[in-house]
Amino acid sequence: MQDTVHSLVWLAIGFALVNVAHSLEAHNNFRYLAQTPLSTAPTFGNEDTPWGLTTYANIPYLPCLSKRDSLKYDIAVLGAPFDTATTGRPGARFGPGAIRSGSSRIYADAAWSLYTGENVFKSNVKIVDCGDVPMTRLDNTVALKQLETGHDIINARSPVSRDLSPVPRIINLGGDHTTTLSALRAAYKKWGKLSVIHFDAHIDTWNPKVLGGDVSDYGAVNHGTFLHIAHEEGLITNSSIHAGIRAPLAHPVKDMKNDRRCGFDFVTSRDLDRFGISGIIERLKSRVGDAKTYISVDIDVLDPAYAPATGTAEPGGWTSRELLTILDGLVGLKVVGADVVEVAPAYDGAGETTGVAAAEVVHSLLYLMVKTPVAGE
């Protein structure tokens, strides 16, 4: 019994000595850090990095909607927290935050693409996060006008580099797809008619008489009719195209006839199996040609396995790798604006699958803008 007690005492003494040694080591390390000259002390990266705040890819935040004329930038990331014109599951008003959260792994100092060899954040192009446009949730007409006004304010700014674009270009984070209508209305004032490359499971050119307008004029403006309305308002050209279409139609003949009238050709989701990724890229580029182009990406273009968090998921979509490869292949197009929409994070998993995918789509859209300057009229 006495031997056991002695053993326990010595064991306790041993643990105590180890703890003392660790404490002394930590104390010495602290003293070293405190006494290290500032020139050699550990640094914290770019001083403009908004540590503790969630911006897209940790880029600087600017109050772009303020009246400060001194604010200059080349590309603005802008949130549109709106989802009261959706016909499916709600929740896309939280999409901008989910996309920013999904981008948290991206830092300017370590964002070199293995595929393109480019780092858009090291390209001498000033990219900023402008936060979200304040949008009321009580009146869709007012909310969409608020978003259009937010775009107008940014479009009225002077960029850092006029060699890239005469005005800052905007990547919109949705929000349901109706927000694209506000973006197109604002872009038209600066650029004129635009060709649209529309990545989506759905055509979104439904006649309001078929979808929503049979209820009220107010209901006619929604995420399934906005491209029809854009055509009726003369915002888009007859050289636009859908990509990844696969959802059922309400009227197979009438719907597609109206779609063609709105100026759209289309590539279905399964066309990728027939023509391959290179074939899809060629179809899209040849359709819009040299026109100024707006790229809109509804995250439901991806299969629900890769983007479950969306309002109207449709099986049989593209993988995130396929979509990103197609987007990178569009380099050279004159992209004047873009968006990623319909991310509804309430339906995502713990790994933020949809948010992470959407964030990388934004990264690819930035690449297209940075690589190809767009001259004014």
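Which residue is the bridge partner of F199 in β5? In this predicted model, that partner is A243.

Eight strands line up in an open sheet with parallel pairing, and reading across gives β2-β1-β3-β8-β7-β4-β5-β6. At the edges sit β2 (127–132) and β6, each of which pairs on one side only. On average, and ignoring direction, neighbouring strands in this sheet are turned by 15° against each other.

Now for β7 itself, which spans residues 292–298. Of its 7 residues, 7 are buried, so the strand is largely enclosed by the rest of the structure. That goes for both faces: K292, Y294, S296 and D298 are buried on one side, and T293, I295 and V297 are buried on the other. Take T293 as an example. Its relative accessible area is 0%, so T293 counts as buried. Leaving aside residues up to four places away in sequence, T293 touches S195, I197, V288, K334, V335, V336 and G337.

To get from β7 to β8 the chain passes through α8, making a right-handed β-α-β crossover.

Helix α8 (residues 320–328) also packs against α7 (residues 271–288), with the axes 8 Å apart and at an angle of about 30°. That angle makes α7 roughly parallel to α8. The α7 side of this contact is made by L272, I277, I280, I281 and L284, which meet E322, T325 and I326 of α8.

At the other end of the sheet, β5 (residues 240–245) and β6 (residues 264–268) pair in the parallel sense over 5 bridges. Here H242 stands opposite F266 of β6. The two strands and helix α6 (residues 252–261) together form a right-handed β-α-β unit.

Which residues of α6 are buried? They are D255, M256, N258 and D259. These four cover an arc of only 160° around the axis, which means they lie on the same side of α6. The other side of the helix carries V253, K254, K257 and R260, and these are exposed. As for what the buried residues of α6 pack against, the partners are α5 (226–232), β5 and β6. After α6 comes G263, which has a positive phi, near 95°.

Definitions and conventions: Residues numbered from 1 in each chain as written. Predicted model: local features only at pLDDT ≥ 70, side-chain atom pairs only at ≥ 80, totals over all residues. Heavy atoms only, no water. Pairing = 2+ DSSP bridges. Right-handed = clockwise from strand over helix to strand, strands pointing away. Buried < 20%, exposed > 50% of the residue type's maximum accessible area, 1.4 Å probe, protein only. Arc of directions from axis to C-beta. Contact = heavy atoms within 4.5 Å. Axes fitted to C-alpha atoms, helices over the stretch in contact; angles between N-to-C directions. Parallel < 35°, antiparallel > 145°, perpendicular 65-115°, else oblique.
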